[in-house]
Amino acid sequence: MAVDAKDLAEGEWPIEELPAELQRAVRQAVLESNAKGAVASLTERLGGDEKSAEAVLVSALRILPDPWCDYQADPERAGRIEGALAGALGKHPESEETTAAAILFLDNLARCSPKKGRDLLAAVESADSRDLGLRLARGLDPINELRLSLAVVAVDKGAPRVEILEILAGTAMSAVERAAILEEAVNLARAKGLVRAHDLEAEYLRSLLSAGLATRAAKEFRTTSDEARERLFSPGRKPEVDPWPLGYRLDMAAALALDGDDKAARRLLDEVPAETRTPTPGVKSDDYEEQQAAKCQCIEAWLWQLLDRSIATEARDDDPFELFEDLAASDDGYSGPLAESGTLAQAVGFLALREGYSGFSAFFLRRIREEADSEQSYLSTLLDDESALTDSDAWLIAFPELRLRALDLTSELVAVLEARASAPVGGSSGPDPIAARILELADRPLWNPYRERALTDPEAESESETSDPAAEASEARDLPVPGDLSVVRVERTDDAVIAIGLAQSLDPAGEVSGGGYWVARSRDEGATWEKLYTGLRQFQPFEVVEASALPLATDDGLQIEVAFRQLDESLVMFPPIGMHVEEGGENLVLEVSWEDLERDSDGDGLTDLVEERLITDPTDPDTDGDGVGDKTDPLPTVAYSAAEDSTTSALARLLEEIEGTEAQAILPRCPESKGLCFGRPELGEDRAHFVVAPRHAWRGLAPSLRTIALTPAEMAAAKEKFGLFFATQFPLVEVDRAGRKAIIIWDRSWQGGTVTMTLNEGRWQLESYGFWIT
């Protein structure tokens, strides 16, 4: 490979952490154009093993200039490099040079190798070295899953257990798993009298606080060493990255308060300097670090005031809305005390509930609830089915007792959350009479009116002459097909023109597909059209074949040729980079009758397939029972109430802003190729707007688009049923006690924002409007 000596000379190559001899060899090979001399010097270091020396140098020269790889071109070469490097590591397990080269490969090129690092793992397993696995694991990035596999190898080699546990803790995927691992590490370190026991104690406390295991953290804190407490309260949550002056002091105060020890919590709060208890006025600086420091100080000040309020001996009459509002508006969902600390989230969330702000409570608690439920389900599944274990679960295989401990801790956390918080995620305002019905509709099995058959079925061979898809596609461009459809196929029969196309009207998929397939039929040469929803969705798991020669129409319905193209939903991101569609098998034919496509069991004007997708009842013309039929009801899953409250009017004001936005998603669709590319989604008059929000907030609204309001549980059931689609999430809708201030946060996956408003002369005025788009 061509390398740039200038970049190395200017320090662009990251070689500072390499062993001195390997650094010299790299410089000799590149700057002096003396690869033979470089190999010779490494050969001497490796006891005359020239082949291993070449493997080490080739690895460094391939990875250092460009640690990334071309997924299409590099696999074979990466595999050769891995094989050679594995041989060198097996022969020289104690060599600094082979170890450094192996770390470089595992952290950068392993993902492109067909072996994915397994050859190197095998070399570690067979090497006559007790701590080789540990040395490699320490050098890898903490998020590298191969660290876990290396740590497991170290277990079999008899390496020090405390050190292995430290590696596992640094790579654990959740705070609860980290707490289970560190609990054993602390006990072992104390029993052995290890000097670093204090560091492990502090890290164990951090993991308990992050996980939200407040009672356990409070109990551990009372017996921990002064040295561990000092480390816990030192500035920064991520050393040298986040400028949090109070460290985990507020977290521990929250844990003690949640454990009922208000006196101990008060002592910690009183130790906070008075000047840091109130937010510092806005810092006008172009320096990013200064801006972040000021933001952190404000957040900690708001948290201090809320914790102080939560343990106050006397009730306060003032409204804490603005404190909650400021804290919510500053939460980016990824970093900071509330994002990283389940304990602080609980303390603030439970205080909000006590103050009557169920929306704030649900917002602050949502992350820890979701993570706890997900972790409990995940660990329970692994206990019942070990075949579900992946490479990232290697530690769970090697340490089954830690797996059980992690599950115990997770169950403890879930029980605490259920006992302390009664408001559902998304907030609540009285009973929701329709919730059980909507959830039951979302949980119903998917109706499938289609019959599948092979394309080569004898029946297909007896069909009439096949059509000319190219000619019909050309002709389709001259027909006035409904403009909201991206036409895939069009066909003329004796009495009609039939087109099948894509629209995101009922299947909002954002940037990842064209949505769902619709059929448009015209009996007057395109002057008027009848549109019918098919219930099929692109890439879930089929795609309609555009160039099919099979006639689309049959005597009583349609026969649609489809190819299996299942979108890997685990790779979906915004913008749609690196997504993958799995293909396989022969094309199929899906047959459906016009009778099934047109079926309208309750006679309300919506077909059963449309009602299923809207999560309304196909056997009841008025699903929510508010006297407005599903066909014309703008909110068919919300019983209308004429008594509009301040929450409803604030939400209505926000909808004015975001429903007319031109910032639509970028839609990838290339009918002429098998890849995903860019276009624009076409949204027509049949469009439904799916939202996840407190249902009560919609009761007095009549939105311009048909809006399907769902709870998080209903949305989860709908995704399980229909596959990936996107709703506008409203994780926070809250109005102050006087009904004059409001905050709303919305998220469409590819765009969203935070809005604060003030009621002025009966009209909500936007005070701040933060908008983001991918």
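Tutor: Residues are numbered from 1 along each chain as its sequence is written. In this predicted model, local features need pLDDT of at least 70 and side-chain atom pairs count only at pLDDT 80 or more, while totals for chains, interfaces and linings use all residues; side-chain values use heavy atoms, with hydrogens and water left out.

Student: What makes a stretch a helix or a strand, and how many are in the protein?

Tutor: Both are DSSP runs numbered from the N terminus: helices are H or I with at least four residues, strands are E with at least two. On that basis the protein has 30 helices and 15 strands.

Student: Why is Leu194 called partly exposed?

Tutor: Buried means under 20% relative accessible area, exposed over 50%, and partly exposed in between (1.4 Å probe, protein chains only). Leu194 has 27% relative accessibility, so Leu194 counts as partly exposed. You will find Leu194 in the loop between α11 and α12. Across the protein, 54% of the 774 residues are buried.

Student: What does Leu194 touch?

Tutor: Contact means heavy atoms within 4.5 Å. Not counting residues up to four places away in sequence, Leu194 touches Val162 and Ala189.

Student: Why is α11 called roughly antiparallel to α12?

Tutor: Axes are lines fitted to C-alpha atoms, for helices over the stretch in contact, and angles run from 0 to 180 degrees between N-to-C directions. The axes of α11 (residues 175–192) and α12 (residues 197–211) come within 8 Å and cross at roughly 155°. Angles under 35 degrees count as roughly parallel, over 145 as roughly antiparallel, 65 to 115 as roughly perpendicular and the rest as oblique. That makes α11 roughly antiparallel to α12.

Student: What is the contact made of?

Tutor: Its residues divide into 12 nonpolar, 2 polar and 5 charged. Here Ala, Val, Leu, Ile, Met, Phe, Trp, Tyr, Cys and Pro count as nonpolar, Asp, Glu, Lys and Arg as charged, and the others, Gly among them, as polar.

Student: What makes a set of residues a nonpolar core?

Tutor: Its members are buried Ala, Val, Leu, Ile, Met, Phe, Trp, Tyr and Cys residues joined through side-chain atoms within 4.5 Å. The largest has 139 residues, and Phe360 is one of those touching the most other members. Helix α11 gives the most to this core, with 9 residues.
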